[in-house]
Amino acid sequence: MILEVKDLTVPTIDQKCLIVNKVSFGVNEGSIHAIIGPNGSGKSTLAYTIMGLNNYKPSGGKIYFDGIDITDMNITERAKLGITLAWQEPARIDGLSIPKYISLGINDKANIKDIIREALDIVNLEPERYMNRTIDESLSGGERKRVELAAAIAMRPRLIILDEPDSGLDFIVIEDFLNIFEKIKELNMTILLITHREDIGTVADYGTLIWRGDSLLTDVFPKVMLKYCAKAGLKEFCKRKLFSGKEVCFDEDYIDKIFREEQGL
Ligand SMILES: Nc1ncnc2c1ncn2[C@@H]1O[C@H](COP(=O)(O)OP(=O)(O)OP(=O)(O)O)[C@@H](O)[C@H]1O
Ligand SMILES: [Mg+2]
């Protein structure tokens, strides 16, 4: 397991309430692990606490990365171990050239050009067309997201945390995402993906359901999604063919059973 979160508890800055309450889950190396849950359930707080951002200090629990206790490490130390957070907020990077921006996190200065080209290629931006572009309003929302992801990939992290702000992934169609994530996996990177996109089940291997600050279930993604739908009372949503093509598929009876259990019917 590359990441292990154990009984993690995170209070608000004024310590008056808990945003994340004894959350536990593990992430397998090389997998895409989705964190799902309703608005305000604590997903971003969890992501920021794993990255080690200021203002997100746990009051209890542990975070292990590759078996190392990183709970008390700062963001720089965690980044050095290979953790990166992307899409945290719309980046204020306007005016930089694309290669300059992507190069900022590259350590291997001797091969900088090749690494930039490779990163652009992975996010399906043709290097020839984008090496001379600047980050400004001439880039579409989707292109900008891809450039940000390329910058994260170029750092060669072992774990990429993608926190989708509201419109985050909407710019990228799902087939394209599948393709990008397959290529990221080939580089042995693990992805922790926080999303609202229901169709993300087609890319995630595993998932964790966060509900009012608690971690309710960690399992293969379709099972986690089904529990989420059932808890949220989204019956029609449960029955959509979200999971076709994945190894776990549910028949209507099973969906009905889970739904009744969760709704106390
Ligand atoms: N610094 C803070 N002080 C007080 N409350 C906070 C603080 N940060 C987050 N919260 C509250 O904690 C809860 C969880 O917030 P968080 O942003 O982690 O949720 P989320 O699951 O990412 O939500 P969304 O799906 O809308 O992105 C929210 O109710 C939020 O208002
Ligand atoms: Mg959030």
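# Briefing on a predicted single-chain model with a ligand

Residues are numbered from 1 along each chain as its sequence is written, and chains are lettered from A and ligands numbered from 1 in the order in which they are written.

**Overall make-up**
- The chain has 10 helices and 10 strands; these are DSSP runs numbered from the N terminus, with H or I over at least four residues for helices and E over at least two for strands.
- Among contacts with a separation of 6 or more, 69% join residues 24 or more positions apart; a contact means C-beta atoms, placed from the backbone, within 7 Å.

**The six-stranded sheet**
- Six strands form an open sheet in the order β6-β7-β8-β3-β9-β10, with mixed pairing; two strands pair if DSSP finds at least two bridges between them.
- β6 (83-86) and β10 (214-220) are at the edges with a single partner strand each, so one side of each has no neighbour in the sheet.
- From one strand to the next the twist averages 15°; angles run from 0 to 180 degrees between N-to-C directions, with axes fitted to C-alpha atoms, for helices over the stretch in contact.
- β3 (residues 32-36) and β8 (residues 190-194) run parallel and are joined by four bridges, with Ala-34 opposite Leu-193.
- Helix α8 (residues 221-232) packs on the sheet, touching β3, β9 and β10, and its direction makes about 25° with that of β9.
- Helix α1 lies across β3, β6, β7 (159-163), β8 and β9 (206-211), at about 150° to β7.

**Strands β1, β4 and β5**
- β1 (residues 3-11) pairs with β4 (residues 60-65) in the antiparallel sense over five bridges, and Val-5 has Ile-63 as its bridge partner.
- β4 is also joined to β5 (residues 68-69), antiparallel, by two bridges, and Tyr-64 stands opposite Asp-69.
- β4 and β5 make a hairpin with two residues between them, and Asp-66 in the turn has a positive phi of about 55°.

**Around ligand 1**
- The residues surrounding ligand 1 include Thr-12, Ile-13, Gly-37 and Lys-43, counted when the C-beta atom, placed from the backbone, lies within 6 Å.
- Helix α1 (residues 43-51) gives the most to this shell, with three residues.

Conventions
Predicted model: local features only at pLDDT ≥ 70, side-chain atom pairs only at ≥ 80, totals over all residues. Contact = placed C-beta atoms within 7 Å.
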